[in-house]
Amino acid sequence: MQAQQVQQLFVRYKILALLLAVAVIWLFFHIKTNGIFVTPNNLSNLFRQMAITGMLACGMVFVIIAGEIDLSIGSMLGLLGGVVAILAVNHGWGTWSAIGVVLLLGLAIGAFNGFVVTKMRVPSFIVGLGGMLAFRGLVLYLTDSQTIAPVPDDLVALGQGFVPPRLSIYIGGLIFLALVALTARRRVRRAKLGLQQGALWIDVAKVVAIGVFIGAFVHMLNDADGIPIPVMILLALLAVFSYIATQTVFGRHIYAVGGNMEATRLSGVNVAGVKLAVFAIMGLMCAFAGIITVARTGSGSPSAGTGGELDAISACFIGGTSMRGGSGTVYGALIGALVMASLDSGMQLMDVDNSWQMIIKGVILVLAVWVDVLSGSNRNA
Amino acid sequence: MGNPAGEAGFLHDEGVGVSEYLFEMRDIVKEFSGVRALNGINLAVRPGECVGLCGENGAGKSTLMKVLSGVYPYGTWEGEILWDGKPLHAYSVRDSEKAGIVIIHQELMLVPQLSVAENIFLGNEIRKFGGLMDYDAMYAKADALLARLKLKGVNVAAPVSNYGGGYQQLFEIAKALAKNARLLILDEPSSSLTSSETDTLLSIIEDLKREGVACVYISHKLEEVARVCDTVTVIRDGKHILTKPMSEMTTHSIITAMVGREIDNLFPKSEHHVGEVIFEARHVTCWDVANPNRKRVDDVSFELRRGEILGIAGLVGAGRTELVSAIFGAYPGRSTAELVLEGKPIKVTSPQQAIRAGLSLVPEDRKRQGIVPLLGVGDNITLATLQHYSHAGRIDRAAELQTVEAEIKRLRVKTASPELAIAGLSGGNQQKAVLTKMLLPNPKVLILDEPTRGVDVGSKFDIYTLMFELAAKGVSIIMVSSEMPEVLGVSDRVLVMGEGKLKGNFPNVGLTQEQVLAAAIDSAAATPNAA
């Protein structure tokens, strides 16, 4: 019993441990850079940098929880970004119709990957490797290996623009109120059904902590130019994906499939369908990331997204997703992405040589997972 | 023959005299989280002797083998093992093999792609300077070993997969002999052999006995035990029942000893009304996944009545699990079946369809097929019925939790919280959770495959009580079980399967374990008769 309680405590506090790690990293860089790391402008930049990896990580965390992997996403990002640039620049499509088509295309390519994995039973690792090559080749072919520029202004605004400060405050306030309402509704409903309740102070503390967090976040970014639009999109995705993971039947099925596929199949769940959908969502996230990449750089580069799969996978594992599937959280993966982005940004500010940046990131990834293994939260299964 | 007496002088324990035994296990006790799988087992083998080890499925034979071969290291069980009269402390399979104890498992442990010689010396390779494989020496020695086993015309450089099951079984023995085995443990060695191959195997065992090699022969096939063994040890429920010279035993007396226990009040049997035929399975046939020509289930048909509890008995490998998984649409290979539920033919090609049609299956292997270990107890319970507590894909957590708490209370699942990962629960409580998961869809036909395997007595009682309650409510139950008392204590009617076929169909009125076991073991003895 006691060991279980300790373990549970660890699992509960995982997010705190991760946030602590971020705080330590920030403090370290803040001191090392003589106080320019934790400033509104730099953090605004940092969050914007992390947005793309974060979008990929949102999709990837589902894929990994379902017990699979997708190595093709960096190339898929490049391909989908390339297509949006070609449509908008070469064919003169309107920005929104180009985006709509590319989102659907991402969904379709992801579903195709899922089809090959589930129906044709090719291991996802291989499907990913194949896609990594093929999608990159395809974008080189489509773009003739040329960068496509300049993309229309309204598309660029998506990547480089800001949410107006006043609007940010309203959105932040709205989210906080929604949170309060949801918590209250849950307590009322549980009381009505006579179910046991968590202590009131825990819920209050949670709400207050999140409120303070939202307030600080909005206030700090408003001190720069406001919340960057990609960051706002990422936050919206965080909300949607967390909702799917914790509140929906589909989300529960993802965890079950990854935790024990055979038991889940025998419980009457369409396991192939669940996996296929997870891959399709991954494709959709590649489309998001691809569009934002093009918007940020103002051009469609055929090499965009190279290595993106590694960043996304690292983010998931640093964020405590289990290698074996069956456990993990969306917010964990995003904090993982934040850790990676912080390392990138800090080391760039410190003018660390690129070779050392890679070495350090590699070591940190292995260390983070080792700590996770030590904590025992990935045992079983 | 090896004589261990000379080495007895090294013994520190003065209480032990000169032992006539090569190998002796005394009072072996092995517990799994409070459940005694072995409770004071004794087993002794003299040099050149073959001891038959008999017991029903679940009697503790495989656990005993794992103790003696070092799979369960010294210290994880109580009692003592003497080898040549000295205590043996084996911490791994390697240790026990070094001593000279080699186990040959029911499933052969050969690497099909490697050559015969490479398999025979796997992990025990003859090396040249620098760690190179000395193929010449290995081929020569492999030839010699096979000659000792009277195997002719084997190319020891060819892959093992070129040879059939009978040869492969003998390669395993050669592998054991290459390790200088003095005690061979053969676990159901004839299960995949033809009768002439079995004949060869038995005569080779007799030869080995003459050379002083001792054997423990584990088999359900009592004619083989009678032919090759000098002594018989029977165990039941993890307890030692008897050890007698074979000359004093008959196959009948062995069966009686294997099953001979009273059915006590473990089964809270209640009267329930058995109604009209509600479900029919016709011509169920399953083909082996690896070998598409072999039938695992061969044209089995049966009927099930409303509120009836139908037990399916048989030995391990008789095709019972395959039968029920084919009915549930979960058989991994090719299978055919015609199913009729409440007079209407139903089509079942996946568990999803089966559950929708009104069938539920609680699978045999809880860990692999039943639980999702990392999910909470509650999440496991509602896995099959999530749509009941959801609107437009969103789970109504409160409604879900309400069901979960009611079910936990009803089945007395012991858990600190429904959110606790199910992996932390005991086997019995996990089983109850899996059971309630498959009951929540309100099945008309509930299929239970080994519902009480690895379950403590208290939970067993709860599960039986629940089964009778369900039957009284008109749910029809199919129960596959290897525990004979359970089959007889719970069922209204008993089907017996053997070698993929239906071997018997008995109303459970005055039915004895001997009758059932005889039908299962001796396929010729019983012919299907109408219920």
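In this predicted model, strand S16 (residues 359-362) of chain B runs parallel to strand S19 (residues 445-449) of chain B, and the two pair over 4 bridges. Within this pairing, B:Leu361 stands opposite B:Ile447 of S19(B). S19(B) is also joined to strand S20 (residues 476-480) of chain B by 5 bridges, and these two strands run parallel. Here B:Asp449 lies opposite B:Val480 in S20(B).

S19(B) is mostly covered, with 5 of its 5 residues buried. In a regular strand the side chains alternate between the two faces of the sheet. Both faces of S19(B) are covered: B:Val445, B:Ile447 and B:Asp449 are buried on one side, and B:Leu446 and B:Leu448 are buried on the other.

**Two open sheets of chain B**

An open sheet of 6 strands in chain B has the order S6-S7-S8-S3-S9-S10, with mixed pairing. Its edge strands are S6(B) (101-104) and S10(B), each of which pairs on one side only. On average, neighbouring strands of this sheet are turned by 20° against each other, direction ignored. Strand S9 (residues 231-236) of chain B and strand S10 (residues 239-245) of chain B are antiparallel and are joined by 6 bridges. B:Thr231 has B:Pro245 of S10(B) as its bridge partner, and B:Ile235 stands opposite B:His240 of S10(B). S9(B) and S10(B) form a hairpin with 2 residues between them, and B:Asp237 in the turn has a positive phi of about 55°. Helix H8 (residues 251-259) of chain B lies across S3(B) (50-54), S9(B) and S10(B), at about 25° to S9(B).

Another open sheet of chain B has 4 strands in the order S12-S11-S14-S15, and its pairing is antiparallel. The edge strands, each pairing on one side only, are S12(B) (295-305) and S15(B) (344-346). Neighbouring strands of this sheet are turned by 10° against each other on average, direction ignored. Helix H9 (residues 320-327) of chain B packs on the sheet and touches S11(B) (277-287), S12(B) and S14(B); the direction of H9(B) makes about 115° with that of S11(B). Strand S14 (residues 335-341) of chain B pairs with S15(B) in the antiparallel sense over 3 bridges, and B:Val340 stands opposite B:Pro345 of S15(B).

| Strand pair | Sense | Bridges |
|---|---|---|
| S16(B) and S19(B) | parallel | 4 bridges |
| S19(B) and S20(B) | parallel | 5 bridges |
| S9(B) and S10(B) | antiparallel | 6 bridges |
| S14(B) and S15(B) | antiparallel | 3 bridges |

**Helices and core**

In chain A, helix H14 (residues 308-318) is largely enclosed by the rest of the structure, because 10 of its 11 residues are buried. Among the buried residues are A:Glu309 and A:Asp311, together with A:Ala312, A:Ile313, A:Cys316 and A:Phe317. The buried residues of H14(A) pack against helices H3 (40-65), H4 (73-90), H15 (330-349) and H16 (354-374) of chain A. Just after H14(A), A:Gly320 takes a positive phi of about 90°.

The largest nonpolar core has 258 residues; those with the most contacts inside it are A:Met55, A:Ala57, A:Met60, A:Val84, B:Tyr217 and B:Ile327. Helix H13 (residues 271-297) of chain A gives the largest share of this core, 19 residues. Leaving aside residues up to four places away in sequence, A:Met60 touches A:Asp70, A:Ile73, A:Met282, A:Ala312, A:Ile313 and A:Cys316.

Helix H2 (residues 14-32) of chain A packs with H15(A) at an angle of about 10°, with the axes 10 Å apart. H2(A) is therefore roughly parallel to H15(A). The contact includes A:Leu18, A:Val22, A:Trp26 and A:Phe29 in H2(A), and A:Tyr331, A:Ile335, A:Leu338 and A:Leu349 in H15(A). By class, the residues of the contact of H2(A) with H15(A) divide into 14 nonpolar, 3 polar and 1 charged.

**Contact between the chains**

The contact between the chains takes 32 residues from chain B and 27 residues from chain A. On the side of chain B that touches chain A, the elements giving two or more residues are helix H10 (351-357), helix H11 (366-370), strand S18 (394-395) and helix H13 (397-410) of chain B. H13(B) gives the most to that side, with 4 residues. The side of chain B that touches chain A has 19 nonpolar, 8 polar and 5 charged residues.

Key. Residues are numbered from 1 along each chain as its sequence is written. Chains are lettered from A and ligands numbered from 1 in the order in which they are written. This is a predicted model: local features need pLDDT of at least 70, side-chain atom pairs count only at pLDDT 80 or more; totals for chains, interfaces and linings use all residues. Two strands pair if DSSP finds at least two bridges between them. Axes are lines fitted to C-alpha atoms, for helices over the stretch in contact, and angles run from 0 to 180 degrees between N-to-C directions. Two residues are in contact if their C-beta atoms, placed from the backbone, lie within 7 Å. A residue is buried if 20 or more other C-beta atoms lie within 10 Å of its own, exposed if 12 or fewer, and partly exposed in between; C-beta atoms are placed from the backbone. A nonpolar core is a set of buried Ala, Val, Leu, Ile, Met, Phe, Trp, Tyr and Cys residues joined through C-beta atoms within 7 Å. Angles under 35 degrees count as roughly parallel, over 145 as roughly antiparallel, 65 to 115 as roughly perpendicular and the rest as oblique. Ala, Val, Leu, Ile, Met, Phe, Trp, Tyr, Cys and Pro count as nonpolar, Asp, Glu, Lys and Arg as charged, and the others, Gly among them, as polar.
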